[in-house]
Amino acid sequence: MLTAKPTPPLTDDPGDGAQEPEFKPLTREEARQWRASQPGLSLWRLVGVQWLVGLLAAAVAALLTQRASVAVSVLYGAATVAIPSALMAYGLTSSALSRLSSGFAQAALVGFLFWEGVKVLLSVALLAAAVWILPEPNWIGLLIGLVLVLKVYWFGVLLQTRRPVANG
């Protein structure tokens, strides 16, 4: 007769129970040096790249299909992401609310969540308005423009992680 073997516990880590090294907070100078060595990500550069990708996608769509309605739909799909992103970038970097909350982490988080909500609602409203704004909407083209511009976020993150560290 076969006997069942006991399964090892899920936390079979040899380091379990071992003391972790003490946490040592950075000094002001060490924190400043660390911040200076981290690459910065510009929201406005990201918005600019979104518009560039949208315009290029519309131009390619116009060349491939020879139909203006497809190119306009691709551009409109790109705009449903790029316009709200530009508004959010303004809200996070240039608005009076961002200047007031710049020194407070909780207020900055609330500001980010507020502008993210505005961005999502504006995107949904622009998509719903496509029926009235576009004379001949091409839904596949609109979706392609939207998805391409949405992928710019991930492309930006990928480029940012591969950028060499300054002062390092």
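Visitor: A salt bridge here is a side-chain nitrogen of Lys or Arg within 4 Å of a carboxyl oxygen of Asp or Glu. How many salt bridges does the structure hold?

Guide: It holds 3 salt bridges. This is a predicted model: local features need pLDDT of at least 70, and side-chain atom pairs count only at pLDDT 80 or more, while totals for chains, interfaces and linings use all residues. Residues are numbered from 1 along each chain as its sequence is written, and side-chain values use heavy atoms, with hydrogens and water left out.

Visitor: Which side chain meets glutamate 29 in a salt bridge?

Guide: Arginine 32 does, at 2.5 Å, N to O. Helices are DSSP runs of H or I with at least four residues, and strands are runs of E with at least two; both are numbered from the N terminus.

Visitor: Is glutamate 29 buried, exposed or in between, and what is its relative accessible area?

Guide: Glutamate 29 is partly exposed, at 39%. Buried means under 20% relative accessible area, exposed means over 50%, and partly exposed lies in between (1.4 Å probe, protein chains only). Arginine 32 is also partly exposed, because its relative accessibility is 45%.

Visitor: Next one. Which side chain pairs with lysine 24 in a salt bridge?

Guide: Glutamate 30, at 3.7 Å from N to O. Lysine 24 is exposed because its relative accessible area is 57%. Glutamate 30 is partly exposed at 31%.

Visitor: And what does lysine 119 meet in a salt bridge?

Guide: The side chain of glutamate 116, at 3.6 Å, N to O. They are separated by about one helical turn because they lie 3 residues apart in helix α5.

Visitor: Is lysine 119 buried or exposed?

Guide: Buried, with a relative accessible area of 12%. Glutamate 116 is partly exposed at 25%.

Visitor: Switching topic. Which residues make the nonpolar surface patch?

Guide: Val131, Trp132, Ile133 and Trp139, covering about 510 Å². Patch residues have over 30% relative accessible area and no salt bridge; like charges are joined within 9 Å, and nonpolar side chains (Val, Leu, Ile, Met, Phe, Trp, Tyr) within 5 Å. Accessible areas come from the Shrake-Rupley method with a 1.4 Å probe, and for residues only the protein chains shown count as cover.

Visitor: Which helix gives the most to the nonpolar patch?

Guide: Helix α5 (residues 105-133), with 3 residues.

Visitor: Where is tryptophan 139 found?

Guide: In helix α6 (residues 139-162). Tryptophan 139 counts as partly exposed because its relative accessibility is 45%.
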